[in-house]
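Subject: Structure handover and findings

Hello,

Here is the structure I promised to pass on. Please open it first, then read the notes below it.

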Amino acid sequence: MASLRSSSVIRSVAYSSSCCSRRGTTRATINMPKLRTGGLSLRLPARDLVPEVLDMGPGLSAATTSHVEKKYESSTNRNSHSLGSNVSGPMVIAKLHAIMQAVADRVEMHQNIGEQRDNWNSLLLTSINAITLTAATMAGIAATSVGGPLLALKTSSTLMYLAATGMLVVMNQIQPSQLVEEQRNAARLFKQLHGRIQTTLSSGNPTSSDVEDAMKKVLALDKAYPLPLIGVMLEKFPETVEPAVWWPQHRQRQEKPMKRRDGNGWSVELEEEMREVVGVLKRKDTEDYLRLGKIALKVNKILSISGPLLTGIAACGTAFMGSSHGSWAPLVGVVAGAMASVVNTMEHGGQVGMVFEMYRSNAGFFRLMEETIESNLNERDVQRRENGELFEMKVALHLGRSLSGLKNLAAASSYASSEKGEAIEEFASKLF
């Protein structure tokens, strides 16, 4: 009886304690604070570290703990680095868009200023010729006059010749036709750069090196074709004729002996073909346009000196017109004035300055091709070169040739230099 009573007491106590514990648990669960689970920006590693540590048991050492901590830190650093690289992509694209906008603005600037300087050339040429011919006509009329009309006509003719001389000196110094050609070239090259930047953006993976390369090209073009006339204007009568340079200089790589290997569209035959093309460009195309540029420069110098000299002589002739000096004074005044008008028309109407700049730019075009080909050939790692097949096609298009025509040119050059010991007479370019 006593045992039954004690067992019932034990059951009631156990039951009451279990009920209390459930109620306490319920109250604790109800009173638990609510945690915010959304908006967390930290990305945890893919594997949970707590079970990994607990599974190691009570014999966990300090070395093992440090290993787990380093593993966590390296995973976090990798995540941070990937986030940073994703952020840099839009910034690179934004920089390229800013450069492209500046390039488009420069295209419009050079086009507008080119039109303005073309107007300078035509208006100054017309005005100076009109002044010169009018002065010559007045000198001829004054030769048949006496007294007051003679003094008025010869004074007016002398002043007009002096004005034409001053205007010719300024016009020959700035060479408006050459300035126009510079602006045409600058607008064309900036348009090319604008298209290349668009192509880079459309590829979808521009890098910071593309931004740096575009900046260098813009600054090189600004230096090659300046807009102001005072201080930074290109020399119109240089001592030596050099090709125009509008690109950043390629870094010279030291050639080291290496084992030849094909890849990236390149082969031994293609390298030899490109070397032969470079040789033809240097010996024929570049040299020929530099020679023509020297001729145009000499002609331009002679004409630019002759024009003001003739108007100055005409001014002296009209100043000495009178009965005491005979008939030579009006003759010099009229003939020198007429010759000055012819010389001025030949120089600025024929745009000799523009011809010189065109030859200089063509030589620069071939020099750029030479440096581009040599830069690719000097690159030891063929994987870092431009694709060989694409590069060969670009060279052929720039020279106005087909791929077979480019190969024939290289073969003819190689045969002439090896068998005959002389250069071929054919030019590399068929465009100009």
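A salt bridge here is a side-chain nitrogen of Lys or Arg within 4 Å of a carboxyl oxygen of Asp or Glu. Arg275 and Glu272 meet that rule through their side chains, at 3.8 Å from N to O.

Before the rest, the ground rules. This is a predicted model, in which local features need pLDDT of at least 70 and side-chain atom pairs count only at pLDDT 80 or more, while totals for chains, interfaces and linings use all residues. Residues are numbered from 1 along each chain as its sequence is written, and side-chain values use heavy atoms, with hydrogens and water left out.

**Overall make-up**

The protein has eleven helices and zero strands. Both kinds of element are DSSP runs numbered from the N terminus: helices are H or I with at least four residues, strands are E with at least two. Along the sequence the pattern reads α-α-α-α-α-α-α-α-α-α-α.

Of the 432 residues, 36% are buried. Buried means under 20% relative accessible area, exposed means over 50%, and partly exposed lies in between (1.4 Å probe, protein chains only). Take the contacts with a separation of 6 or more: residues 24 or more positions apart account for 82% of them. A contact means heavy atoms within 4.5 Å.

**Salt bridges**

The count comes to 17 salt bridges.

Asp222 pairs with Arg106, with the closest N and O atoms 3.0 Å apart. Asp222 lies in helix H6 (residues 208-224) and Arg106 in helix H3 (residues 62-142), so this pair ties together parts that are 116 residues apart in sequence. Asp222 is partly exposed at 24% relative accessibility. Arg106 is also partly exposed, at 23%.

Lys217 pairs with Asp213, and here the closest N and O atoms are 3.3 Å apart. Both residues lie in helix H6, four residues apart, or about one turn of the helix. Lys217 is partly exposed at 24%. Asp213 is partly exposed at 35%.

Back to Arg275 and Glu272. They are three residues apart in helix H7 (residues 268-319), which means about one helical turn separates them. Arg275 is partly exposed at 35% relative accessible area, and Glu272 is partly exposed at 38%. The pair belongs to a network of salt bridges that links Glu271, Glu272, Arg275 and Arg385.

Two packed helices are described by the angle between their axes and the distance between the axes. Axes are lines fitted to C-alpha atoms, for helices over the stretch in contact, and angles run from 0 to 180 degrees between N-to-C directions.

H4 and H7 first. They pack at about 165 degrees, with axes 8 Å apart. That makes H4 roughly antiparallel to H7. The classes are: under 35 degrees roughly parallel, over 145 roughly antiparallel, 65 to 115 roughly perpendicular, the rest oblique. H4 passes H7 in a left-handed crossing. Left-handed means the near helix is turned anticlockwise from the far one by less than a right angle; clockwise is right-handed. Residues of H4 in this contact include Lys154, Tyr161, Leu168 and Asn172, and those of H7 include Gly307, Pro308, Gly312 and Ala319. The contact residues divide into eight nonpolar, nine polar and one charged. In this scheme Ala, Val, Leu, Ile, Met, Phe, Trp, Tyr, Cys and Pro are nonpolar, Asp, Glu, Lys and Arg are charged, and the others, Gly among them, are polar.

Now H4 (residues 148-174) and H8 (residues 328-349). Their axes come within 12 Å and cross at roughly 25 degrees. The two helices are therefore roughly parallel. Their crossing is left-handed. Tyr161, Leu168, Met171 and Asn172 in H4 meet Gly333, Val334, Gly337, Asn344, Glu347 and His348 in H8. These residues divide into four nonpolar, five polar and one charged.

**Backbone points to check**

Gln175 is not a glycine, yet has a positive phi of about 50 degrees. Gln175 sits in the loop between H4 and helix H5 (176-203). Gln175 is buried, at 0% relative accessible area.

Gln351 also has a positive phi, near 50 degrees, in a residue other than glycine. Gln351 lies in the loop between H8 and helix H9 (352-378). Gln351 is partly exposed at 22%.

Best regards
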